[in-house]
Amino acid sequence: MFVFSEHVNLKKERLMCGIVGYTGSREASPILIGGLRRLEYRGYDSAGLALLGEDGDMQVYKAVGKVANLEDLIKDKNLSSGTGIAHTRWATHGAPSTINSHPHQSQSGRFAIVHNGIIENYAVIRKRLMGMGYTFRSETDTEVLVQLLEYMVTNRGITDTVEAVRATLKEVIGAYAICILDRTRPGEIILAKQSSPLVVGVGEGNSEFFVGSDASPIVEYTKEVIYLEDAQIARIVPGQPISITTIENRCVQPHVQHLEMSIGSLEKGGYDHFMLKEIFEQPQVLRDCMRGRVLPSRHSIVLSALSSHSEVLTHAGRFIIISCGTSWHAGLIGKQLIENFCDTPVEVEYASEFRYRNPVIRKDDVVIAISQSGETADTLAAMQLAKEKGAFLFGIVNVIGSSIARTATTGIYTHVGPEVGVASTKAFTGQLTVLSMFALALGHLKGTITDGFYHEAVDELYHIPDKMEKVLEEDARIADMAKQFTYARNFLYLGRGYNYPLAMEGALKLKEISYIHAEGYPAAEMKHGPIALIDADMPVVFVATQRHIYDKAISNIQEVKSRKGKVYAIVFEGDENVSKVADFAIKVPVTSDFLSPIVSTVPLQLLAYHVAVNKGLNVDMPRNLAKSVTVE
Ligand code: F6R
């Protein structure tokens with residue numbers, strides 16, 4: 001995990017499916033359902049739970065769709081039980097259906113399992129077990145885990161459940177966070193983790209235990225948590241200390257951490273959607289991100305990752321940024337910042353492409369992985385490849401303790417708090433803020449920017465949140481404009497320089513939550529093809545806040561207008577010319593070109609949000625998407 005002095009909060013990890021578990025003296029089912037609700041944003045095609053009674057009786061319920069459907073299913077049942085496991089699923093193997101939902105049970109019904117991740121060699125194991133007479137009910141990869149466990153007990157005669165789990169996991173290849181119930185061991189839950197996060201909340205004096213695929217289902221009950229590490233197996237029984245061993249059967253001393261995450265930070269706080277809340281909290285979270293790092297009294301930036309690794313970073317021959325989606329867009333802006341201020345070449349790659357080619361890595365290369373969740377499978381795999389090739393790994397991550405944070409040698413947390421809305425908003429502006437701090441501080445250290453420029457830029461960065469607040473005041477106007485765009489079928493987003501990646505980010509926001517096709521283009525490329533698309537039905541969003549190419553932006557806008565395109569422009573306050581030619585203009589406070597994306601992204605986020613709301617879509621949980629992509 002990165003080591004740095006300004007470590008303040010522990011925040012949650014996230015991935016596609018959600019896991020909750022409980023064992024103790026309370027009723028398990030309300031805790032499980034409440035926990036699933038907190039995790040619902042991450043995977044929502046089905047949900048299920050298994051409860052284990054004191055007499056070894058096991059009840060399993062599953063429902064397709066939202067957690068509410070599961071709640072409906074169990075509301076009239078007699079569910080008195082203090083031990084249970086539950087899951088929200090986002091299908092990877094097998095369609096969303098009751099049969100494919102978790103928990104899955106072994107053939108005899110002795111074991112039940114919930115699983116996040118993917119078992120890569122499941123087909124081979126399944127075939128082998130079927131050859132030995134095992135019958136599979138679902139199409140999932142998960143079911144092989146529980147059937148293999150039963151095989152270890154019945155065919156191989158392994159009597160201890162933890163030992164049987166160990167033997168099972170030695171045979172599987174893939175990623176997993178699992179919780180297992182065994183009918184012969186009431187009160188007990190066995191957990192294991194490899195590449196997918198799993199957190200255990202510890203009740204007073206070990207009287208009860210809570211389990212989550214992140215801490216959000218746990219924090220309302222306890223702040224004392226243990227993050228399991230890869231290749232660990234844990235056994236929890238109320239009244240006994242947690243026992244943790246590795247797959248190789250080495251005992252591990254549990255490391256209990258105190259969480260500072262509040263329930264309030266997980267709620268919508270009066271907004272209609274998490275996305276809107278997260279857009280509006282950007283000024284505050286960016287202040288949090290800069291706290292203790294941007295020092296206005298000294299007009300300077302202090303980053304412990306930079307101080308402790310100054311030699312490597314100042315002598316880097318090249319930076320290679322690897323990331324996905326929105327984080328990749330932040331990387332493209334980061335490239336311009338670092339090249340402009342540090343005079344070091346930067347390459348930006350989709351992690352998914354980087355990992356599957358044979359990238360040339362030199363001794364003095366520094367790989368920067370950017371990720372909100374810290375769990376994106378492609379980014380993690382790309383980092384591992386870069387590490388094998390000898391690169392120095394630097395992380396820009398939001399979720400503390402996440403896999404990417406742990407894999408990086410050092411890095412900078414964005415500290416923007418839990419991001420729940422699937423469409424990334426505050427994480428993006430947090431990444432831009434961190435990249436700006438990094439590029440300025442490194443440039444100053446290298447002497448590639450002057451003291452005067454540095455001090456001015458630092459002061460300006462410090463005041464960026466105030467400028468964002470001004471943009472947020474435009475929300476009602478943007479909502480009004482969005483009404484005119486709601487039924488558009490295609491959108492073009494254009495920008496140049498720092499605004500080109502921003503155009504791509506604006507287009508991504510719109511398409512992922514409103515399902516309208518949108519493309520982000522460098523404005524000057526329009527005439528090399530996309531201009532053919534422009535007609536009266538094609539709204540064009542133009543981010544025109546780069547001063548040195550302002551005139552060129554005006555000619556691009558005129559090209560669109562003369563083909564009857566509708567132009568929605570984002571300009572600086574005081575602009576006259578673009579506002580005159582555009583159909584609508586949103587004015588944002590004037591700032592340096594390099595900081596303007598942080599401010600100009602806000603109207604793009606709000607536009608996408610209002611269009612999706614007008615279309616009556618589920619903004620926080622758009623179809624086919626999950627908050628973090630922990631599978632390839
Ligand atoms: C878009 C979005 C995704 C993520 C991408 C990478 O709004 O959220 O494109 O940016 O899946 O995720 P992280 O940053 O968690 O690695």
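Colleague: Let us begin with accessibility: is lysine 75 buried or exposed?

Modeller: A residue is buried under 20% relative accessible area, exposed over 50%, and partly exposed in between (1.4 Å probe, protein chains only). Lysine 75 has a relative accessibility of 57%, so it counts as exposed. Please note that this is a predicted model, in which local features need pLDDT of at least 70 and side-chain atom pairs count only at pLDDT 80 or more, while totals for chains, interfaces and linings use all residues. Residues are numbered from 1 along each chain as its sequence is written, and side-chain values use heavy atoms, leaving out hydrogens and water.

Colleague: With which residue does lysine 75 form a salt bridge?

Modeller: A salt bridge is a side-chain nitrogen of Lys or Arg within 4 Å of a carboxyl oxygen of Asp or Glu. The partner of lysine 75 is aspartate 72, and the closest N and O atoms of the two are 3.8 Å apart. Aspartate 72 is partly exposed, because its relative accessibility is 48%.

Colleague: How many salt bridges does the rule give?

Modeller: The count comes to 27 salt bridges. One of these joins glutamate 208 and arginine 26, whose closest N and O atoms are 2.8 Å apart. This pair links distant parts of the chain, 182 residues apart: glutamate 208 is in the loop between strand E9 (199-202) and strand E10 (209-212), and arginine 26 is in the loop between strand E1 (18-23) and helix H1 (28-39). Helices (H or I, at least four residues) and strands (E, at least two) are DSSP runs numbered from the N terminus. Glutamate 208 is buried at 9% relative accessible area, whereas arginine 26, at 35%, is partly exposed.

Colleague: Which residue forms a salt bridge with glutamate 171?

Modeller: That residue is arginine 156, and the closest N and O atoms are 2.9 Å apart. Glutamate 171 belongs to helix H5 (residues 161-171), while arginine 156 lies in the loop between helix H4 (142-154) and H5, 15 residues apart. Salt bridges with shared partners join Arg128, Arg156 and Glu171 into one network. Glutamate 171 is partly exposed at 23%, and arginine 156 is partly exposed at 43%.

Colleague: In which helix is leucine 169 found?

Modeller: Leucine 169 is in helix H5. Its relative accessible area is 4%, so it is buried. Between leucine 169 and leucine 148 there are 21 residues of sequence separation and 9.1 Å from C-alpha to C-alpha.

Colleague: How many disulfides does the structure hold?

Modeller: A disulfide is a covalent bond between the sulfur atoms of two cysteines. The rule applied is a pair of cysteine sulfur atoms within 2.5 Å. The structure holds zero disulfides. As for accessibility, cysteine 251 is exposed at 65%, and cysteine 324 is partly exposed at 25%.

Colleague: Which side chain does a polar contact join to that of serine 46?

Modeller: A polar contact is a pair of N or O atoms within 3.5 Å; within protein, one must be able to donate a hydrogen and the other to accept it, and residues adjacent in sequence count only if both atoms are side-chain atoms. The side chain of serine 46 has such a contact, of 3.3 Å, with that of serine 101. Serine 46 is in strand E2 (residues 46-52) and is buried, at 1% relative accessibility.

Colleague: Where is glutamate 188 found?

Modeller: Glutamate 188 is in the loop between strand E7 (174-182) and strand E8 (189-194), and it is buried at 3%. Its side chain has a polar contact of 2.8 Å with that of arginine 185 and another of 2.8 Å with that of arginine 235.

Colleague: How many residues surround the ligand?

Modeller: A residue is near a molecule if one of its heavy atoms lies within 4 Å of it. By this rule 14 residues surround the ligand, the closest being Ser327, Ser371, Ser373, Thr376 and Glu512. They divide into four nonpolar, eight polar and two charged. Here Ala, Val, Leu, Ile, Met, Phe, Trp, Tyr, Cys and Pro count as nonpolar, Asp, Glu, Lys and Arg as charged, and the others, Gly among them, as polar.

Colleague: Which backbone atoms lie 2.8 Å from a ligand oxygen?

Modeller: A backbone N or O atom of serine 424 lies at that distance. The corresponding distance for valine 422 is 3.4 Å, and a polar backbone atom of threonine 326 is 3.0 Å from a ligand oxygen. The protein covers 90% of the 410 Å² of accessible area that the ligand has on its own, by the Shrake-Rupley method with a 1.4 Å probe, in which only the protein chains shown count as cover for residues. Helix H10 (325-342) and helix H18 (499-514) are the elements that give two or more residues to the shell.
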